[in-house]
Amino acid sequence: MIRLIFTVIILISAVFYSGCASLFNHSSPVPVTRVTEAVFDPVQESHYLLLQGKMEYSRGNYIEASVYFQRAIGFDFYNPEPHLWLASSYYNLGWYSMASFEFDRIVFILNSSEWRGFVFYLLGRTYEKQGKLGDAYGRYKAARAEGYSTPELEQRITEFEKKYEDDSEPGTSSVLKEGEQKKLTEFEKTHEPKEFYRTIKLKP
């Protein structure tokens, strides 16, 4: 009797194991979701930081704005826009030495003669704030040489002409000769200096 019961138990176990194995072998495979890492885009990151900086700038938070602009430059150095905003932030903070340094290096990034002239004009204003009147006059004349012209610029040049000889050095000019024109940056293609000047609202 005991042997019969033992035999029945073995048969039941065998049937159960066979059924489980069959179920396992025919079950649908568990779908595997493939995780793809997002590709980091430094230009996009720079654009985001630039927007954040502009928001702080519009609120008059120039120090906070300058931090964003510095970080934006780190991700996209050859985009002149964050450089311009950073220099403008320094100017409005009264940090004229830092502003003049930033304006000065922007000239070598820009390829548009009009934009370079505009930056020379801003650089002249910055030098005036530092009391470097000779340098300021030179940058104003360089701005004119690049083709940048506004009533405000002409007025400043006229005032300086009363103090300096007309043959004084016009300062560093980066006018490119014919055939040496470089490709304009996207910023230069889509923005006008006069429009940008109204936007940054430099302090008198």
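Mentor: Let's begin with handedness: a crossing is left-handed if the near helix is turned anticlockwise from the far one by less than a right angle, and right-handed if clockwise. Keep in mind that this is a predicted model. Here, the crossing of α5 and α6 is left-handed.

Trainee: Why is α5 called roughly antiparallel to α6?
Mentor: The axes of α5 (residues 96–106) and α6 cross at roughly 160° and come within 9 Å. Angles over 145 degrees count as roughly antiparallel, so α5 is roughly antiparallel to α6.

Trainee: Which residues of α5 and α6 make the contact?
Mentor: From α5 there are Y96, A99, S100, F103, D104 and I106, while α6 brings V119, L122, L123, T126, Y127 and K129. These residues divide into eight nonpolar, two polar and two charged.

Trainee: E102 is in helix α5 too. How do you know whether E102 is buried or exposed?
Mentor: Its relative accessible area is 3%. Buried means under 20%, so E102 is buried. E102 touches I73, H83, L86 and A87, leaving aside residues up to four places away in sequence.

Trainee: What makes α2 roughly antiparallel to α3?
Mentor: The helices α2 and α3 (residues 62–75) pack at an angle of about 165°, with their axes 8 Å apart. With the cut-off at over 145 degrees, that makes α2 roughly antiparallel to α3. The crossing of α2 and α3 is left-handed. Among the residues in this contact are L49 and L50 of α2 and F69 and A72 of α3. The contact residues of α2 and α3 divide into eleven nonpolar, three polar and five charged.

Trainee: Where do the buried residues of α8 lie around the helix?
Mentor: The buried ones in α8 (residues 151–161) are L153, I157 and F160. Seen down the axis, they fall within an arc of 65°, so they line one face of α8. They pack against α6 (113–129) and α7 (133–145).

Trainee: And what puts the buried residues of α10 on the same side?
Mentor: In α10 (residues 193–200), P193, F196, Y197 and I200 are buried. They cover an arc of only 105° around the axis, so they sit on the same side of α10. Their packing partners are α2 (42–58), α4 (80–93), α6, α8 and α9 (186–190).

Key. Residues are numbered from 1 along each chain as its sequence is written. This is a predicted model: local features need pLDDT of at least 70, side-chain atom pairs count only at pLDDT 80 or more; totals for chains, interfaces and linings use all residues. Side-chain values use heavy atoms; hydrogens and water are left out. Buried means under 20% relative accessible area, exposed over 50%, partly exposed in between (1.4 Å probe, protein chains only). Helices (H or I, at least four residues) and strands (E, at least two) are DSSP runs, numbered from the N terminus. The arc is that of the directions from the helix axis to the C-beta atoms. Contact means heavy atoms within 4.5 Å. Axes are lines fitted to C-alpha atoms, for helices over the stretch in contact, and angles run from 0 to 180 degrees between N-to-C directions. Angles under 35 degrees count as roughly parallel, over 145 as roughly antiparallel, 65 to 115 as roughly perpendicular and the rest as oblique. Ala, Val, Leu, Ile, Met, Phe, Trp, Tyr, Cys and Pro count as nonpolar, Asp, Glu, Lys and Arg as charged, and the others, Gly among them, as polar.
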